[in-house]
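Trainee: I would like to learn how to read a model like this one. Where do we begin?

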Amino acid sequence: MKFTLESITKDLVAGDRRALARAISLVEDGGPDAVWLVRQLFPKLGRAHLIGITGSPGVGKSTLVDALIAEIRADGLKVGVLAIDPSSPFTGGAILGDRIRMQGHTMDKNVFIRSMANRGHAGGTALATYDAARMLEASGYDIVIIETVGVGQSELSIAQTADTTVLVLMPGSGDDIQAIKSGIMEIGDIFVVNKGDMPGANKTASEIIASLELSTKGAEWKPPVHVTNAEVNEGTRSVWESIRKHKNFLDHSGQLKEKRKHKLESELSELVADIARNNLKTSLKHSSHVQGLLLRLCDHQIDPHSAAESVIEDIFSSKEVEQKK
Ligand SMILES: Nc1nc2c(ncn2[C@@H]2O[C@H](COP(=O)(O)OP(=O)(O)OP(=O)(O)O)[C@@H](O)[C@H]2O)c(=O)[nH]1
Ligand SMILES: [Mg+2]
């Protein structure tokens, strides 16, 4: 066989881009190959800084990422970008858009840009994203940027992948401001009002600052609010400086450890749920306890909720007995 998992791993660690692309496809698909790759590479990981760039469609996230890549490269660091596109998984339109937007760096061998569609992986994009970021780090990328659209639940869980989350808005993003006020957007470590050349940018920035003052009272990290015009790289250097400051803060306050523990905890529970969901159907079919419950359900002798509780009790009590043996 031309490509073995061993050769992909070896080449990926040596910085080979084709091996990296293959590895990301494998973790995107999930399954035993993905598990194998992560198992090999995980012990050496944990040093890369993960930056999440999130915000509503069209606010200028990719344009900002493009500007940030230039800053990161100026510091001599290697940067990988994962552009997640949950809104249009099949058309490829947004994927093409991201490619064009970031094409200023396609010739740079220290920049790797990859679009990931919301498909394939049984556990959804979040789980595949964790692993894709790992492939980038294993291949020597110091910084991994993850771009996600929107602020819904699944995007939030992707944002949780990041060490530093940058929330991007644009002038007049009234709904987004409401979301910040009501705490939905408390995930932001840094706020950016992009399209600063449009009217109302400073007003939007003041509104964010005002609502952050309340929500971050007493907090050690006060999220900075930047106004940028990413198209012409205006204000984008300060965004990169804030990211570096935030990284420093995380390193020295001990919060990086806490944050990553929290991230791994939620990944673990997502993975367990994922595996359980995949295994449940077959194992339920072969359980006499479940078959008995099913008959009683059909006869309305027991309701579905109580039956489910009974199945859970059965699973956990039998595990406990096994452990005690
Ligand atoms: N006026 C102005 N336009 C901008 C600025 N930054 C980006 N744009 C434009 O806004 C549009 C959307 O930019 P993108 O960077 O693709 O936005 P995005 O948030 O990545 O979009 P999605 O990934 O589709 O959600 C493009 O036409 C950009 O040229 C800016 O600072 N000022
Ligand atoms: Mg984009």
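Mentor: Begin with burial. A residue is buried if 20 or more other C-beta atoms lie within 10 Å of its own, exposed if 12 or fewer, and partly exposed in between, with C-beta atoms placed from the backbone. Helices (H or I, at least four residues) and strands (E, at least two) are DSSP runs, numbered from the N terminus. Now take strand β6 (residues 190–193): I190 and V192 on one side and F191 and V193 on the other are all buried.

Trainee: What kind of model is this, and how are residues and chains labelled?

Mentor: This is a predicted model, in which local features need pLDDT of at least 70, side-chain atom pairs count only at pLDDT 80 or more, and totals for chains, interfaces and linings use all residues. Residues are numbered from 1 along each chain as its sequence is written, while chains are lettered from A and ligands numbered from 1 in the order in which they are written.

Trainee: How should I read pLDDT here?

Mentor: pLDDT is the predictor's confidence in each residue, from 0 to 100. The protein chain has a mean of 84, and 82% of its residues reach 70 or more. Residues 86–97 stay under 50. Where pLDDT is low, the predicted coordinates should not be read in detail.

Trainee: Which strands pair with β6, and in what sense?

Mentor: Two strands pair if DSSP finds at least two bridges between them. β5 and β6 run parallel, joined by four bridges. There, V166 has I190 as its bridge partner. On to strand β7 (residues 225–227): three bridges join β6 to β7, again in parallel. F191 is partnered by V225.

Trainee: And what does β1 pair with?

Mentor: β1 pairs with strand β4 (residues 143–149) in the parallel sense, over seven bridges. In that pairing G55 stands opposite V149. Five bridges join β1 to strand β5 (residues 164–169), also parallel. T54 has L167 as its bridge partner in β5.

Trainee: How do the side chains of β1 point?

Mentor: In a regular strand the side chains alternate between the two faces of the sheet. In β1, H49, I51, I53 and G55 point one way. L50, G52 and T54 point the other way. Seven of the seven residues in β1 (residues 49–55) are buried.

Trainee: Which residues touch the most others in the largest nonpolar core?

Mentor: A nonpolar core is a set of buried Ala, Val, Leu, Ile, Met, Phe, Trp, Tyr and Cys residues joined through C-beta atoms within 7 Å. The largest has 62 residues, and those touching the most other members are A23, V27, L82, A132, M135, V144 and I145. Helix α6 (residues 125–138) gives the most to this core, with nine residues.

Trainee: What does A132 contact?

Mentor: Two residues are in contact if their C-beta atoms, placed from the backbone, lie within 7 Å. Leaving aside neighbours within four places in sequence, A132 is in contact with I24, V27, E28, L82 and M116.

Trainee: Is L284 buried or partly exposed, and why?

Mentor: L284 is partly exposed, because 15 other C-beta atoms lie within 10 Å. L284 is found in helix α11 (residues 255–285). V311 is 27 residues away in sequence from L284 and 8.8 Å away in space, C-alpha to C-alpha.

Trainee: Last, how many residues surround ligand 1?

Mentor: A residue is near a molecule if its C-beta atom, placed from the backbone, lies within 6 Å of it. Here 18 residues surround ligand 1, and the closest are P57, G60, K61, S62 and T63.
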